[in-house]
Structures are given as structure tokens and as C-alpha cells.
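Hello,

Here is the structure you asked to have handed over. My notes on it follow below.

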Amino acid sequence: MNNNIIAQHIARSLQLSVEAVGNTLSLLEEGCTIPFISRYRKERTGGLNEVQIAAINDENERLKEISKRKETIVKTITEQGKMTAALQKRIDDCWDASELEDIYLPYKPRRRTRAQVAREQGLEPLAQIILLQRTRDLEEAARPFLKGDITDTSKALKGAQDIIAETISEDERNRQQVRGAFRRTATITSKVVKAKADSNEAAKYSDYFDWKEPLRRCPGHRMLAMRRGEAEGILRLSIDPIDDDECIERIARHYVYGQTPCGRLVTEAIEDSYKRLLKPSIETEFFNQSKEQADDEAIRVFAENLRQLLLGAPLGQKRVMGIDPGFRTGCKVVYLDAQGNLLHHEVIFPHPPINKRMQATTHIQQMIEKYHIEAIAIGNGTASRETRSFVEDALNSSSVAQSQHPQIFVVSEDGASVYSASKIARDEFPNEDVTVRGAVSIGRRLMDPLAELVKIDPKSIGVGQYQHDVDQTKLKRQLDQTVESCVNQVGVNLNTASSHLLQYVSGVGPILAKNIVDYRRENGAFTSRAQLKKVPRLGPSAYLQCAGFLRIPNAKNPLDNSAVHPESYAIVEQMARDQQCTVQDLIDHKDLRSHIEIAKYATAEIGIPTLTDIMTELEKPGRDPREHLEKFEFDSRVQTINDLEEGMVLPGIVTNITNFGAFVDIGVHQDGLVHISQMAYYRIVHPTDVIKLHQHITVKVLEVDHRRHRISLTMKIPD
């Protein structure tokens, strides 16, 4: 297919300029990554952002799949000797998958259907006579076809009806008509499988035991919940238009010309066609479409949650004590240097049943002083609140002034156990057990959430919505794209990044990431970006893609610690010469930058958008776009769900966002739900309109369901 035609289709679909789409497709075909195109090729794309470029890429892949399907269809029809110029044009002009399959359906190689058997018995001419209603004597019309298995006229007429039913079901006009009825009026119905109604596993689906609503109003999360119930054999789902009889009547108007014997047979064939062939086919189509839409929405929510999680505020390079809390098995404690390297680890038992609180207190006081600990990270799982209280008491009873106490932070430990048992963790800490690795992960998450969380499968981080029920290929592609976007948005320290973090840098990948780390280990820290060219297998193309996203603090060239791409260094150096200063002087002195007229430096390749980005970067080179970390404390009045009372106003942390609301940790080992209707006094379209992941909010307890361990919360709190 011509690339210009693809560009035109995508431009119309996404309401973008054909030139911008065409240039973006060319860059993608050249092997450029989405972050690179968005950041460093604004002149060619007209300033498209990552979301728009990703949409162009996805639409391009969809059109390519349709194009491949067309090739198969054209080949099949041509081999049958049924291709015509008009049919070829219809196929060429069609870019809707459902419509394309409708065109192909009459020519599609058939399995052995009832109609196919009837055709083999020579009944197609009789079917045509009846369909066109050209006889009044059906018995007489059927007699010439009595041969072989057709021993009487009733069998002949029944076989002819089967052919008519299949012909009607394959007619595009009829399919579009039924499809339209589904689109306008379809309802989805869920019923419990009676044999499973009283089972324990069915309880969580009790809301859907007798459920019915218009399909177009069924939100994605409800569709996925019902589909999961169906997959587990607890629910039975169906999608139906409001009026089957009306659908049948509409089809009949095209075929039935009167109350004749032929007309009655055709009417019966239409009813059979609709109930046995057409309706089930369109129902399946709408089931698939609604599932795909629900998948897309769930994946979008998951990706946005993941983005917010990865871009969480970092503490930075501090000496950290990480604690994985526990009661019976004790608290696993690790001490990390400012680069996240493990210095020491141990287990303390400050809680029952062992309860060696005094010993644990003395020990961590000594260790905090020995390793000059600047911050403490405590996992938010079992015994988290108790461990924080213990640490606070230990700090308060020490001889160190309160102003010098390490700050205490509670850190999400979702996925830490997955990381601790992974190959990545085994490679990092081959001589330590899973408990130590998990505590290290907790400590490192405080220092830099992005660098640590990229090591964990996103599906294990606990911020998804039905992530195991959606299209896994599509989910992985979107999540990988999100991780790549976040890593490149923040930038990566070339001299401290792990190979797992480096592999998400634009143009790098797993092999080059390993080669970079190996080169660093053998040759020492990188002193310039240009040194990357010496890394085995890192050629000019990979260097072009990755260099701008890699940072080298304290490099000889200050631009090596900025987002200015090496291809633009010459322009910055010319700016410095024109101001009779050094590049470092430009960075340090605002007044020097204020005299620069960027239009003077525009070229055919580097225009005003890139020059504007350069000036912004010179103002704060290597700026981290993430927010600063804030401390948080739960209300001391509540420790468990039994401490909650309706009307209580409590601080909380948003732990997960879905289409229907947000889950909030209020410190009782059971997250509460703020329904979307309880988020604001005005109507909002999506929870992300008013909150974000890990945001600190204030909520009021609406209801506590002790039996089902459910907590209902509201953000609507009068001043």
C-alpha cells in the first residue's frame, strides 16, 4: 500500500496534518523511537507529542494488518475466478475490518454447513426459484430435484431454505441492518448459572446474578468483571437488540413480495437465518468489540497509573535504611549507601511474639549512627504501622538531637516479593536471600522509584484494573511504551544506571544496555557522551537515539549533563562565542542568555522549537521533572478496620485509580474506595481529573462493611 495513502487515512482518522503524519511515519520506518521523535524532531512532526506519535504508530500497524488481510482476500477470490473490477475497487477502498469481512463472506471457503450440503445435492437452482418467488406450485418446482438423498419434495424444499438462509446471512445489506439495530438498541444481560449460585466463588459476582443494561452504557470495568465471571463458569452473558421481530421484519421487506407459498418459505428462511446465523454472528462481533473497548480503557487506566507511579517523587541520593516489616518473622533491615549499594543487613524482632524491643532499639540506634543514615523507608505491608511507631520511639530515645533524626517514609512494597525472586535480583545479590533483596527494593524505591520499579513486571506493581483479563500482547506493548516514555522523560545517569534501567533508554535495548555496563566496569566511569561510541555494537544510529537521554554529572562538557542533544552542541557553542563566554557561563548567567536571539541560529534542520528547548535546558540543565517527596502520617486513632467510625475525617494516600473511583490507604490494612461520584461536588469525567496516584488526600468515612471488609469513603468534606 502507498505510504501517502496510509498517511492520508491516518491524518483523517486522528485529525492531524498529512505532512506531519507522513514525516512521522518516515521517522518510525527509519528506526527512530517515539521519545526521540517527540523530543528531537519537532520540526519534522510539527511538534507532535508522544501520545499523538504513538497513536500514529498504532493506526499504521492496524492499517498494515488490514492491508495484509486484503491481500489474502484478493488472492482467494481471484483463485476462485470470481474477481471483478468492481469487487476489486470495493476491496481497495475499504478500510473497516467488519465491512471488509462482510464483502469477503460470500466468497469465504466454507466449512460443511447445511447450506453447503444442499448445494452439493444440486438444490441451488431450486433455492433461487423460491427466493425470487417465480412459482406458485412448490411441489412441482421441487420434483426435478428428487435424486440421491433427496427422496421427497419436503427435503428438497428444506434444503433450498437452508441455502436461502445462508445467502441472506451473508448479504452485506442485511448484516449492516442487524449491526445497526445492535448498535442502537443492544442490551447486555447477565444471569447466574443456577448450579453455581450458592458457591463461595460466586459471591463476588452477586451483583451480576440478574443484571441487564444498554450495552452502550456498560462501562469497561463492568464488562470485564462480567466476562471474568463468565470465564469462571459462574455467569452466562448475552447481547440482544430490543426487538428481534423488528429485525426480522426489516430483512423480510427486501425479499418477501406477498402471501404466496414461496413468500411463506422465504419468511421461514429469514427467521431461521436471523436466529441461527445472523444474530449469533453479530452478537459475537459486538461481544468482541465491547471486550476490545473495555481492554483499551483498562490498559489506558493501567498505563496512566503506571506513569504516575514511575514518575513518583524521588528522595535522591541519600544513605537509607530500608525495613521490610513483620511480626513473627521479624523486620528485615538493610543499610544502603547513597548509590543504593548494600552495606549491611540484619533481622530485628521488636514486635510480639518474640518482642525483643529493647535489643532492637539499641541496635538500630547504633547502626543509624554507624552508617550515617539520612532516611528510613518502611514497607507498607503487615506490621507497617507498628514498625513506624517502634522506629519513632527508637529515634526519640536516642541521644541524637531531633533535628538530626533521619526522616521516616512509608513506601509501597507492591511487587517487592516478585522482584526479590526474579533473575534480576539474583544477579544483583547472588549471595543474599529473598528477604534481603525485598528490603533493598523498599529502600531503593524511596531513593528513586523509577530506577527500582522498572525491574518489576508492571502487572505485579498493584496499580492495574483487570490487567490479567485484557489482551496481554496489547497490554505489554502499552506498558513497555509507558516505561520507555518515563525513563526518557526523566533521563538516566550513565554512570550509575543498572542495565535494566538502561535498556529502556531510546535506542538501547537489553544487549546494548549490558554492553554499556560491561564497558563501564572495565574502563571506569564515562567522562563524555562521545565515549558511548566506543561501546561494542553501539553504532551511529543507536548513538543518535540514546545520547540526549543519558546524563553525565560533572562531565567536562556541561551539556553532557543536559537534555541538549550532541547534534546541537555546535549551535550552543556558537551562542557562547557570540556572547564572548563559555557554555558554562551561559548556564550560570541568565543575563547572558537574555541577549541571545534564537532566530539567528535557526537552520534547515534545527528550527525555533528545538532552539526554544535548548534555551529552556540551559536555564536548568538536567532538571528532574519529578516532584519533591513529601512526608505523610496516618491518623494515630485508627490501626484496624474495627477502629473506624462513620463520619471520621482521616488522611489517606491514593494507591490505585480505576474508572469508577480510587482506592485509598488510610492505615488500617484495607484500602477504602472513593467512588467517582464522591470525589467532587461537580461532575467529573474520570478520577484523574481531580487526583493522581500516591497523592495525599483527606477523606471522610461513609460506611464500613465489616462482613465484606469494604470501606466507603468520600472526598466531599464541607469546609
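Of the contacts in the protein chain (heavy atoms within 4.5 Å) between residues at least 6 apart in sequence, 64% join residues at least 24 apart. Please note that this is a predicted model, in which local features need pLDDT of at least 70 and side-chain atom pairs count only at pLDDT 80 or more, while totals for chains, interfaces and linings use all residues. Residues are numbered from 1 along each chain as its sequence is written, and side-chain values use heavy atoms, with hydrogens and water left out.

Overall picture

The protein chain has 29 helices and 15 strands; these are DSSP runs numbered from the N terminus, helices being H or I of at least four residues and strands E of at least two. Its C-alpha trace spans about 110 × 70 × 55 Å along the principal axes. Of the 719 residues, 50% are buried (buried is under 20% relative accessible area, exposed over 50%, partly exposed in between, with a 1.4 Å probe and protein chains only). The accessible surface comes to about 35,400 Å², and carbon and sulfur atoms account for 48% of that (Shrake-Rupley method, 1.4 Å probe; for residues, only the protein chains shown count as cover).

Salt bridges

There are 46 salt bridges in the structure, each a side-chain nitrogen of Lys or Arg within 4 Å of a carboxyl oxygen of Asp or Glu. Three of them are described here.

Arg-179 and Asp-102 pair through their side chains at 2.8 Å, N to O. Arg-179 sits in helix H12 (residues 172-185) and Asp-102 in helix H7 (residues 97-104), so this pair ties together parts that are 77 residues apart in sequence. Both Arg-179 and Asp-102 are buried.

Arg-114 and Asp-162 form a salt bridge too, with the closest N and O atoms 3.0 Å apart. Because Arg-114 belongs to helix H8 (residues 114-120) and Asp-162 to helix H11 (residues 153-169), the bridge ties together parts that are 48 residues apart in sequence. Arg-114 is partly exposed at 39% relative accessibility, whereas Asp-162 is buried at 8%. The two also belong to a network of salt bridges that links Arg-114, Lys-158, Asp-162, Asp-272 and Arg-276.

In the pair Asp-448 and Arg-626, the closest N and O atoms are 2.8 Å apart. Asp-448 is in the loop between helix H20 (434-447) and helix H21 (449-453), and Arg-626 in the loop between helix H29 (608-619) and strand S11 (649-657), so the pair ties together parts that are 178 residues apart in sequence. Asp-448 is partly exposed, at 24%; Arg-626 is buried, at 11%.

Cavities

A cavity here is a set of points on a 1 Å grid over the protein atoms alone where a 1.4 Å probe fits but cannot get out; lining residues have an atom within 4 Å of a point. Grid points are joined across faces, edges and corners, and a volume is the space filled by probe spheres set on the points. Two cavities of 30 Å³ or more were found.

The largest cavity holds about 50 Å³ of space. Its lining includes Arg-39, Tyr-40, His-565 and Asp-613. Helix H3 (34-40) and H29 each give two or more residues to that lining, and H29 gives the most, with three.

The second largest cavity holds about 30 Å³. Among its lining residues are Leu-453, Pro-458, Asp-480 and Tyr-504.

Regards

Methods:
1 Å grid on protein atoms, 1.4 Å probe; cavity = no way out; pocket = protein on both sides within 12 Å on 5 of 7 lines; lining within 4 Å.
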